[in-house]
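Here is a short report on one protein model and its ligand. Look at the structure first, then read on.

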Amino acid sequence: MAAADIAKAYAFDGPAVELGAVVLDGKTDPSAHVRIPFVMLNRHGLVAGATGGGKTKTLQLIAEQLSDAGVPVFLTDIKGDLSGVAAPGASSDKLTARATDTGADGWTPTGFPAQFFAIGGKGSGVPLRATVTSFGPTLLSKVLELNDTQESSLELIFHYADKAGLALLDLKDLQAVVAYLVSDEGKGDLEGIGGLSKQTAGVIQRELTGLADSGGDVFFGEPQFDTADLLQVTDGKGVLSVVELAELQDRPQLFSTFLMWLLADLHHHLPEVGDVDKPKLVFFLDESHLLFNGASKAFLNSVTQTVRLIRSKGVGVFFCTQNPTDLPGEVLGQLGNRVQHALRAFTPDDATALAKAVKTYPKSADYDIAEALTTLGIGEAIVTVMGETGAPTPVAWTKLRPPRSLMAQLDPAEQTKQVAGSSLQEKYGKALDRESAYELLAKRHEDAPEPAETPKAAEAKPQEHKKEESGGGGLLGGLMKNKAFQQFTRSAGRSLGREITRGLFGTARRR
Ligand SMILES: Nc1ncnc2c1ncn2[C@@H]1O[C@H](COP(=O)(O)OP(=O)(O)OP(=O)(O)O)[C@@H](O)[C@H]1O
Ligand SMILES: [Mg+2]
């Protein structure tokens, strides 16, 4: 087959993302274009390959064209090299030669409208936050790396807090409720619905402390991020929401689960649109393997379901990872558009992974896929996409076009300036600390009368000992012992308590 014949399968009726040009027998044909139709971007995608192969530049290339078409994009910036989307690229002979080679006539360096975000404001971006209650027990268990038993305990804790009207906004709210539920007074509250063992509570508390230390303290809380702010279009161009992650290296699960939270939330709030001419929003989930490492069955099911359902809301999701086998089969099977950069075949493990990857491609009359995958050059990939009729296109060895924006980190001073001037600062710039579980528990303690004690008994007990007995000590420990508080939570459970409706991940509905 000639390059032109392969390209025929990529000549769609409607507009498409231009990926690059067909390479056949070592030659690139600039007139043989490889593309992804806009109508099929909600059939999701995969960008995979060993380090240095060109995954990030591929994301950048697709994101730029979506922006041009008025489609907002959400990007994760793991290494800090995607912030460059906001500035025009540095022109060079090499880049213009690549542009010519790949049929990108009239290629000119261009910057795109970007909005920078940072988890809890750690780093250079508008702070992103979510409340503990909206995150829900399934996602939180994934972040805390809880096992199935501990996960069901966490579900119980959330259930109780919902019923008792104890709002879980930040981590200290959750810690306060867990402490209460294992105290002598509190443990009765869960009787008949399973109870919470001291041991499990201990694990959860320890993990919560670790999470708080590694960024959870500023991430969980208010004002909570409104996913509608990801749908911005300015002067006809889709805004690229870039989330900086450099500060979150030691808690990558927090980030990957937050992305699933965003998707679940979008699913709740976006209208059903079915198949549309172009997507409403496209997500790029970098380092996707983090989502699936050690994931519980409940979590995996929720991810699979979210990815399947979000499609009809016009949202596309691209998973980016080193090896496609990092993703569970049920997720991989839903990714219609594949850009596979070079894979390594150094070790026996590499060879097994390669063989598995090859099997996920349609048979090719033009290429030996296994050989192609190990000999692709930098910025080249094996591509197959979902055609307009819903059938996969034949495999095309593709040399990718160069992005038009900067293929490096944006000047930090420029980023700081953009963040400071962001229209979203007013809404999210400052953290709020509303009255919630922690404050309610603490306040009840202050208002409560001193426990009646005979002078004799008080004398008999040394101070230290008294503290220990109260179940944890301090303000909260005292509170646990307090009958008035116990009554309060029970009546709150009846009058105020309301099970919040939870959807895909058990995330709470808002708005
Ligand atoms: N489409 C492209 N156009 C021009 N240059 C490219 C392209 N793709 C890759 N390159 C070159 O290859 C380098 C590595 O690409 P990139 O950073 O995208 O790799 P990666 O697969 O994301 O690696 P890692 O897994 O380490 O993040 C780039 O800095 C760039 O010089
Ligand atoms: Mg990269």
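Helix α2 gives the most to the shell around ligand 1, with three residues. Helices (H or I, at least four residues) and strands (E, at least two) are DSSP runs, numbered from the N terminus. This is a predicted model, in which local features need pLDDT of at least 70, side-chain atom pairs count only at pLDDT 80 or more, and totals for chains, interfaces and linings use all residues. Residues are numbered from 1 along each chain as its sequence is written, chains are lettered from A and ligands numbered from 1 in the order in which they are written, and side-chain values use heavy atoms, with hydrogens and water left out.

**The ligand**

Ligand 1 is surrounded by 18 residues, each with a heavy atom within 4 Å of it. The closest are Thr51, Gly52, Lys55, Thr56 and Lys79. The table lists polar contacts, meaning pairs of N or O atoms within 3.5 Å.

| Residue | Atom of the residue | Distance to an oxygen atom of ligand 1 |
|---|---|---|
| Thr51 | side-chain N or O | 2.4 Å |
| Gly53 | backbone N or O | 3.3 Å |
| Thr56 | side-chain N or O | 2.7 Å |

The protein covers 79% of the 620 Å² of accessible area that ligand 1 has on its own. Such areas come from the Shrake-Rupley method with a 1.4 Å probe. Two or more residues of the shell come from each of α2 and α3 (93-101).

**The sheet**

Now the strands. An open sheet of 12 strands runs in the order β2-β1-β14-β13-β12-β3-β11-β10-β4-β9-β5-β6, with mixed pairing. Two strands pair if DSSP finds at least two bridges between them. β2 (27-37) and β6 (126-128) stand at the edges with a single partner strand each, so one side of each has no neighbour in the sheet. Neighbouring strands are turned by 30 degrees against each other on average, direction ignored. The angles here run from 0 to 180 degrees, between axes fitted to C-alpha atoms.

Helix α2 (residues 55-68) packs on this sheet. Its contacts (heavy atoms within 4.5 Å) include β1, β3 and β14. The direction of α2 makes about 140 degrees with that of β1.

**Strand β5**

β5 pairs with β9 in the parallel sense over five bridges. There Gln115 stands opposite Ser241. β5 also pairs with β6 in the parallel sense, over three bridges. Helix α14 (residues 412-420) lies across β5, β6 and β9, at about 90 degrees to β5.

Key:
Polar contact = N/O pair within 3.5 Å; in protein donor to acceptor, adjacent residues only side chain to side chain.
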